[in-house]
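We will go from stop to stop, and at each one you select something and look.

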Amino acid sequence: MPELPEVETVARGLDKHIAGEAIESVWLGSKPEPLKSSTEEMVAALESKTISSVRRVGKHVVFDLASSNGAPAKNTQWIVHLGMTGSLRVSAPDVPIEKHTHAILKFSSGRELRFVDPRRFGRLSVIEKFVAPGSEPLHISFEDFAKLFRKRKTPIKSALLNQKLLSGVGNIYADEALFRAKIRPRRRAASLTRDESRKLHVALKKVLKEAIRLGGSSISDYVDADGEEGFFQLKHRVYGREDKPCLVCKTPIKRVVIAGRSSHYCRQCQN
DNA sequence: ACTATGTCCTGCGAGC
DNA sequence: TGCTCGCAGGACATAG
């Protein structure tokens with residue numbers, strides 16, 4: 001499930017591989033499609049453009065498009081949200097088309113970029129300039145971070161997952177950050193002390209950076225642009241470890257459901 | 001304005 | 001062995 005570190009890994013890999021590629025043609029799967037913009041809009045925005053760079057914003061992969069002939073264009077960014085199971089892979093044209101392929105960009109070099117998404121939670125769109133609704137977890141200052149939780153009655157776990165507050169944090173890294181900050185996921189956001197907010201701010205950045213360094217977490221079917229798996233799942237201390245002993249105190253890890261999301265914590269280490 | 005819950009979608013694994 | 005069932009969850013819609 002691609003969250004910030006996985007999307008960062010994918011975007012870096014794509015930037016390395018396809019920055020400078022010219023898009024020759026575009027194929028979009030038959031309806032119902034995982035699209036936000038209309039098919040026509042997207043094809044028009046992509047065809048005969050050059051990909052100048054690929055970056056991550058929140059959980060979105062942003063492709064910056066440039067006109068090959070210098071003509072002004074309306075939608076200059078292609079936005080891909082991978083959802084749960086989406087993947088973007090650079091392929092040679094003779095590689096068989098995988099099931100659940102919803103979009104293919106053919107480059108003038110002959111290579112292809114393919115968007116595959118079995119569960120269809122992913123979204124594609126074109127836009128003038130994408131702006132994430134929330135703050136970047138890796139850049140937000142402590143004061144701004146602490147301010148997000150003031151007066152919020154929702155569980156801290158839900159607040160971390162709220163993309164309007166922070167863009168990019170998903171279920172895995174929310175659980176892992178809360179464990180490292182020793183805060184229970186059900187705690188009301190507003191109940192965090194300044195010291196706890198400080199710990200959470202540090203823990204979240206640390207866990208995200210460490211995960212990026214290891215190429216993300218490969219749970220189910222996540223792979224990066226090269227088809228490589230990440231390794232951060234080996235560093236998970238609570239996520240997916242229900243009933244297994246806490247790595248700090250040996251107490252069995254508890255799993256509860258908060259706002260419909262499974263949440264993992266140690267009832268001994270986290271308060 | 002904020003919070004909680006249901007829905008989408010498919011593959012897979014647990015359990016019988 | 002083969003089947004059914006329920007879960008996985010990010011974003012959005014809807015209701016309270």
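## Stop 1: a leucine and its core

Select Leu200. Apart from neighbours within four places in sequence, Leu200 is in contact with Phe145, Phe149, Ile156, Leu160, Ala177, Leu178, Ala181, Ile183 and Leu192. Contact here means heavy atoms within 4.5 Å.

Before going on, note that this is a predicted model, in which local features need pLDDT of at least 70 and side-chain atom pairs count only at pLDDT 80 or more, while totals for chains, interfaces and linings use all residues. Residues are numbered from 1 along each chain as its sequence is written, chains are lettered from A and ligands numbered from 1 in the order in which they are written, and side-chain values use heavy atoms, with hydrogens and water left out.

Now widen the view to the largest nonpolar core, which has 31 residues. A nonpolar core is a set of buried Ala, Val, Leu, Ile, Met, Phe, Trp, Tyr and Cys residues joined through side-chain atoms within 4.5 Å. Buried means under 20% relative accessible area, exposed means over 50%, and partly exposed lies in between (1.4 Å probe, protein chains only). Which residues touch the most other members of this core? They are Phe149, Ile156, Leu160, Leu166, Leu200 and Leu204.

Colour the helices next. Helix H3 (142-149), helix H4 (156-161), helix H5 (171-181) and helix H6 (194-213) each supply at least two residues of this core. H6 gives the most, with seven residues. Helices (H or I, at least four residues) and strands (E, at least two) are DSSP runs, numbered from the N terminus.

A second, separate core has 28 residues, including Val10, Met42, Val61 and Val126.

## Stop 2: helix H2

Select residues 39-46, which form helix H2. Thr39, Met42, Ala45 and Leu46 are buried there. Look down the axis of H2: the buried residues fall within an arc of 135°, so they line one face of the helix. The arc is that of the directions from the helix axis to the C-beta atoms. Here is a general rule: an α-helix has 3.6 residues a turn, so residues three or four places apart point the same way.

Turn to the face away from the buried side. It carries the exposed residues Glu40 and Ala44.

What do the buried residues of H2 pack against? Show strand E1 (23-28), strand E2 (49-57), strand E3 (60-67), strand E4 (77-81), strand E6 (101-107) and E8. Then find Ser48, which follows H2 and has a positive phi, near 55°.

## Stop 3: two buried polar spots

Select Asp64, in strand E3. Asp64 counts as buried, at 13% relative accessibility. A polar contact of 2.7 Å joins its side chain to that of Arg55. A polar contact is a pair of N or O atoms within 3.5 Å; within protein, one must be able to donate a hydrogen and the other to accept it, and residues adjacent in sequence count only if both atoms are side-chain atoms.

Move to Ser91, in strand E5 (residues 87-91). Buried or exposed? Ser91 is buried, with a relative accessible area of 12%. Leaving aside neighbours within four places in sequence, Ser91 is in contact with Arg111, Glu112 and Arg114.

## Stop 4: DNA strand B

Show DNA strand B. Among the residues around it are Lys99, His100, Arg120, Arg152, Lys153 and Thr154. A residue is near a strand if one of its heavy atoms lies within 4 Å of it. Sugar and phosphate account for 65% of the atoms of DNA strand B that come within 4 Å of the protein.

Zoom in on these phosphate oxygens:

- Arg152 has a polar side-chain atom 3.1 Å from a phosphate oxygen of DNA strand B.
- Lys153 has a polar backbone atom 2.6 Å from one.
- Thr154 has a polar side-chain atom 3.1 Å from one.

Select Arg120, in the loop between strand E7 (112-116) and strand E8 (123-127). Arg120 is partly exposed, with a relative accessible area of 33%.

## Stop 5: DNA strand C

Switch to DNA strand C. 13 residues surround it, and the closest are His81, Phe121, Gln163, Tyr239 and Arg261. Sugar and phosphate make up 56% of the atoms of DNA strand C that come within 4 Å of the protein.

Select Tyr239. An N or O atom in its side chain is 2.2 Å from a phosphate oxygen of DNA strand C. Finish at Arg119, where a polar side-chain atom lies 2.7 Å from a base nitrogen of DNA strand C.
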